[in-house]
Amino acid sequence: MDKLIIEGGNRLVGTIEVSGSKNSALPLMAAALLTGGKYTLTNLPKLKDISTFKKVLSHMGCVVENTDGGVIIDASNARMVEAPYDLVKTMRASVLVLGPMVARFKEARVSLPGGCAIGARPINLHLMALEKMGAEVEIQGGYVIVKAKNLKGAKICFDTITVTGTENIMLAAVHADGETIIENAALEPEVTELGYALKKMGADIDGIGTDKITIRGVKELRPIEYKVMPDRIEAGTFMVAAAMTTGNVLIKNCPAEHLDALTDKLKAAGASVKTENGGVRVVGDKPIQSVDIKTYPYPAFPTDMQAQMMAMMSISSGLSVITETIFENRFMHVAELQRMGANITVDGRNAVVKGVRSLSGAPLMATDLRASASLVLAGLVANGITEVSRIYHLDRGYDAIEKKLNAIGANIKRVKDE
Ligand code: EPU
């Protein structure tokens, strides 16, 4: 297991580039199961979650060929086999094979993902929607088994906005008989991107990018070549890093149009955020003001940026209330930030952060992906040395983060944790 050793105190200055989006790449890889032939994705990030998903696809009989910066998936000989616990337990997003598997093989067997560090994360809404489309759902021996001789179009209204739930039903509905209407669909850019990719494959979809998506099933889809969009959460993490370290950073490949809620908060906190020449420049030359944050589905403030923003607020000049409305247990970074001297009190879904003058480096434990990112950010501004262990969480979602940050002035070493 690796750990990161961060020597804090350096300003970040220079240019940094954002990789392809993990949460967009995963449903796009699942879409390969809907067709045969060479299905090509480019701008794929080099991440643990992506290699896990490749394993899931290979296990199902797909030919998966790595290319320079991408992948070619040929699902011509894919077959219905279980997506096993060993793979699913390391990555909940494996559940994205459910929709395309039922669509193509009339049956799917996927190990039920358990809870994870940030919350219970059930998939009841995915299953409810598949049942509405005529599928029979059974849970047996830790597996969810979904069978549907004939998936039928249906009107589905999600009572909670769900990102992978919306994606799974889009992936199922493209081959169903008749029309499926998804209401209260997730608006996240990754969902919209999946809609565009499916359309390019020949799917009949209206309402892409809105909360009402209409899909009329078609018999066949064709393989496509598709470039994965840049990762808005990686970009957002770099924006906060620049602002926190009183830095001056040009973030290239930054999907600024997907980051309005974060940009508003950074500006309110005193940072300058300007689009420039294929990127976004973030300058943090003023004292950090406290701002309140409340997470909501897109386009509001993303839960995936909550931990990073809390790290920033822990050195702000006032009091900030951070409310997490999406996941019930997404404050695991608090205990670690407190070990660095942050003044944070948690009461249910609210965290009250009273800014302190400085943080001090400490040995820390990463608990989940975005929490790990917040600890790295805190380490960048702390006095002395911060050691972040269990960074396999971080490696699930950030492509070479220490190399990218070191190139703009950070001092981070990756070492083996004995
Ligand atoms: N929910 C249910 N039932 C369901 C599905 C969801 O109650 O059947 C609840 C969840 O428990 C949660 C809320 O609905 O309280 C929203 O969950 P959602 O389904 O939207 O989350 P997800 O699809 O499992 C994706 C991202 C997460 C991101 C969330 C929210 C992927 C692969 N994952 O998860 O990304 O936090 O949407 O935006 O797209 C990350 O990248 O670090 C990450 C956790």
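The side chains of D2 and K416 meet in a salt bridge, with 2.8 Å from N to O; the term stands for a side-chain nitrogen of Lys or Arg within 4 Å of a carboxyl oxygen of Asp or Glu. This pair links distant parts of the chain, 414 residues apart, since D2 belongs to strand β1 (residues 2–7) and K416 to strand β23 (residues 412–416). Strands (E, at least two residues) and helices (H or I, at least four) are DSSP runs, numbered from the N terminus.

The model is predicted, and local features need pLDDT of at least 70, while side-chain atom pairs count only at pLDDT 80 or more and totals for chains, interfaces and linings use all residues. Residues are numbered from 1 along each chain as its sequence is written, and side-chain values use heavy atoms, with hydrogens and water left out.

K3 counts as buried at 16% relative accessibility, and E387 as partly exposed at 29%. In the salt bridge between D86 and K89, both residues are exposed. A search of the whole structure finds 18 salt bridges, and the table lists some of them.

| Salt bridge | N to O distance |
|---|---|
| D2 and K416 | 2.8 Å |
| R396 and D49 | 2.9 Å |
| D86 and K89 | 3.7 Å |

How is the chain divided into domains? The domain assignment gives domain 1 (2–19 + 230–416) and domain 2 (22–227), and such bounds come from an automatic or database assignment. The centres of domain 1 and domain 2, taken over C-alpha atoms, are separated by 30 Å.

Where the domains meet, 23 residues of domain 1 are in contact with 19 residues of domain 2, contact meaning heavy atoms within 4.5 Å. The size of an interface is often given as the accessible area lost when the parts come together. Between domain 1 and domain 2 the buried area is about 1,700 Å², and carbon and sulfur atoms give 54% of it; this area is what two parts lose in accessible area (1.4 Å probe) on being put together, summed over both.

Across the interface of domain 1 and domain 2, the rule finds 2 salt bridges. By class, the side of domain 1 that touches domain 2 has 8 nonpolar, 5 polar and 10 charged residues, where Ala, Val, Leu, Ile, Met, Phe, Trp, Tyr, Cys and Pro count as nonpolar, Asp, Glu, Lys and Arg as charged, and the others, Gly among them, as polar.

One further residue may be located in the model. A268 lies in helix α9 (residues 260–268) and counts as partly exposed at 46% relative accessibility. Not counting residues up to four places away in sequence, A268 touches Q289 and V291.

Note on methods:
Buried means under 20% relative accessible area, exposed over 50%, partly exposed in between (1.4 Å probe, protein chains only).
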